[in-house]
Structure formats: structure tokens, C-alpha cells
Amino acid sequence: ARALTPQTAETDAIRFLVGTQSLRYDNQIHIIDFDDENNIISKNVLLHQVGEIWHISTSPADKGVLATCYNKTSDSKVMTCAAVWRMPKELESGSHESPDDSSSNTQTLELLCHLDNTAHGNMACVMWEPMGDGKKIISLADNNILLWDLQGSSSKAVLSSSAALEGKGQLKFTSGRWSPHHNCTQIATANDTTVRGWDTRSMRQIYCIENAHGQLVRDLDFNPNKQYYLASCGDDCKVKFWDSRNVTEPVKTLEEHSHWVWNVRYNHSHDQLILTGSSDSRVILSNMVSISSEPFGHMVDDDELSDQEDQHQEEKIKEPLQDSVIATYEEHEDSVYAVEWSSADPWLFASLSYDGRLVINRVPRALKYHILL
């Protein structure tokens, strides 16, 4: 497996979706529910009756709707296609009742529509408009950016605009993210070693970070609280943080992994917490506090301090907090292809390795209280 996503519209229950990559069997989507009070994981399995799942994303507005990018073989050629699906009604909300016998009641995803890309090439990923009503999605196919409108309860996808990457050679997008800022009018894409920003209204390029990494850029993410900041990671084993207003130098670079970095994710509530997953089989949680929206920690009201504390506090306030690696998680034995924060609990995250192992972890309690108190 290499596809993992939180169920974005589910903000009460802790829930992740995993897509499988099996050559022999029908591929599946596993709905993983985590009951954090009792530390119990339960799962439901949905049949995904088309090929291996390379990417999975969920609607921000409708718990039951998701999109997958998957392999399809036609005329002995393998194509990566994308489609929008609906899960059965009774599985839409996070529930902690485990099915009695999961083998007998495997259900099937309902196909809502294909994102028809026969003219555009292989799909790399599908992104939903972050704050939207679940009607706008962007797909990246080879060197094309395609903006789709989902109509008629998502049963039809209409291509509303597109842009193509132009240049020498076979240009292909590897990944992209839709920015939650600027009224959701910007996306960032990765192709080869380059990161580009695009305006979704004009479908024009607005910034370009050439040679963002020494080798292929694998993933991107936007800081949820600071509008010009984004992170990228790649095959040079590095994670870099950028300010899109000044793209000549990264703001910060992390060099903790020893192999390709496949994933980087900002915490949705506390932007100093950064998760990365790599084919060195490790997940690293970093505290990038110096470039976060609270570089000095929480300010303390003067009235609450005595004189002596006051002096001490002033010295402390002048010093931004130090960046550090909080924890390295080594529960995986294979390449970690995906890391994701829960949409419901900001202190909880999941990681997925190629051998199909899903691990759920928490931010260390001491750090959680340090951030909160």
C-alpha cells in the first residue's frame, strides 16, 4: 500500500482511508477507525474493483465521497486514471463498531464519475479545494493541470480549465497541493526538481522554485497559518521550507532522513509540528518553531508576572525557541510512503509503509502540554 488520507470531512471521529496495491487480487480501500479512549483500531473494507491505488483523497465537504488515482491496463499499456467514488451510506461516518465478520460483508465503492484523462496522460494526484463545497477538484496528469467541476451530486465531472507545463523533454508532475490561503486560488506543483505556484483563476504560473531539490521533488504542503510558506521534500533526502515571495533560498532545510523523503505534512492546528516519511523506513516528527506562526511560544500577560519573573520572562521572550527533532518513529520495516495528521485530533497521526503496515502515533504528551500551556 502507498495511499493514505484522513477522512477530511470527519472532524469528530479519528478515521483514515488506505488504498491497496495488490497485483493479484481486487484492490481495496480500508476504512480505519481509531478509538483513542480504548486504543482500539477497527476497519471496514471496500472493494475498489479497478487497479492498484496510487493516490487517494477525500472530499472536504462530504464524508462519503473520495477520489482515487489507479492503474488500468488497456492494449497492454498501463494507464493511471482517476475517478470519484461514494462509499456505502452506513460507512460514511466514523463509528467504533467493528463488523462481526469482515470477510463476508465486503462492500463495493459506488463509481460517481471518471475524471476522463485519455487526452491528458497519466494521473499523478487529485486535490480537492480545501475550504470548498466539494465541487471543485484539480487533477495533475503528466504535464497538465486540470480543474474540474463536479456536478449533479458528483455524478459528472466537467473540465472547466486547464494549463500545460511547457519545456524541453518529457515533463511530468509528481505531486501538488492546493493552498488554503488567498481564497483558495493558488496551487503548488512539483515536477522533476522544480516547485511551481499557479493561480487557479488564470491557470498561469505565479512563482517558480527551480532546483528546489537536488533530485526529484516528491511532495509539498502549505503552512496552514502562514500564507506564503510551504514545505517540499525529495530524493535528495532533504525537507525544505520556502517563502513563495522569495524563492532564491529556502528559509530552512531539514536533513534528518537517510533516503528519499516521500511525504511532508504540516500539523493543521500547530504549524511548528512537521511530519515526514521516508524510504529509510522512518517517520520523523520535527518542531520547526522558528518559522512557525508562534516563533516565541505563547506570550504571557505582564499582569501575571512578579518583578523577578518579569525580568526573566523578558530575556526569554527575545530568544526564539529552538528547532529540533521531537521523535523518530521506527515501527516500520519497509519504505514509508505516506504520513498524515488526523482531521479530528491534532495530536494524532498515521503512517503507512509499502508492506501494508499502518501505524498510529501521538505527539509526545510533554510536548503537547508545552505547546498548549
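Colleague: What makes the space of about 1500 Å³ a pocket?

Modeller: It is called a pocket because, on a 1 Å grid over the protein atoms alone, it is an open set of points with protein on both sides within 12 Å along at least five of seven lines. The largest pocket holds about 1500 Å³, a volume being the space filled by probe spheres set on the grid points. This is a predicted model, in which local features need pLDDT of at least 70 and side-chain atom pairs pLDDT 80 or more, while totals for linings use all residues. Residues are numbered from 1 along each chain, and side-chain values use heavy atoms, without hydrogens and water.

Colleague: Which residues are closest to the centre of the largest pocket?

Modeller: H55, G176, R177, R265 and E340, out of 48 lining residues, each of which has an atom within 4 Å of a point. Seven strands, β1 (3-6), β5 (53-58), β10 (123-128), β14 (173-178), β18 (217-222), β22 (261-266) and β26 (336-341), each give the lining at least two residues; a strand is a DSSP run (E) of at least two residues. Domain 1 (1-91 + 107-164) and domain 2 (168-296 + 317-372) each contribute at least three residues to the lining.

Colleague: How many residues of the lining are nonpolar, polar and charged?

Modeller: There are 24 nonpolar, 15 polar and nine charged residues. Gly counts as polar, and Asp, Glu, Lys and Arg as charged.

Colleague: Why is strand β12 described as largely enclosed?

Modeller: Six of the eight residues of β12 (residues 144-151) are buried, so the rest of the structure largely encloses this strand. Buried means under 20% relative accessible area, with a 1.4 Å probe and protein chains only.

Colleague: What makes β11 and β12 a pair?

Modeller: Two strands pair if DSSP finds at least two bridges between them. β11 (residues 136-141) and β12 have six, in the antiparallel sense, so they count as a pair. K136 stands opposite D149 in β12. Two residues separate the strands of this hairpin, and D142 in the turn has a positive phi of about 50°.

Colleague: How many bridges join β12 to β13?

Modeller: Eight, and β12 runs antiparallel to β13 (residues 156-164). W148 is opposite L159 in β13. This hairpin has four residues between the strands, and G152 takes a positive phi near 50°.

Conventions. On a 1 Å grid over the protein atoms alone, a cavity is a set of points where a 1.4 Å probe fits but cannot get out, and a pocket is an open set with protein on both sides within 12 Å along at least five of seven lines; lining residues have an atom within 4 Å of a point. Domain bounds come from an automatic or database domain assignment. Buried means under 20% relative accessible area, exposed over 50%, partly exposed in between (1.4 Å probe, protein chains only).
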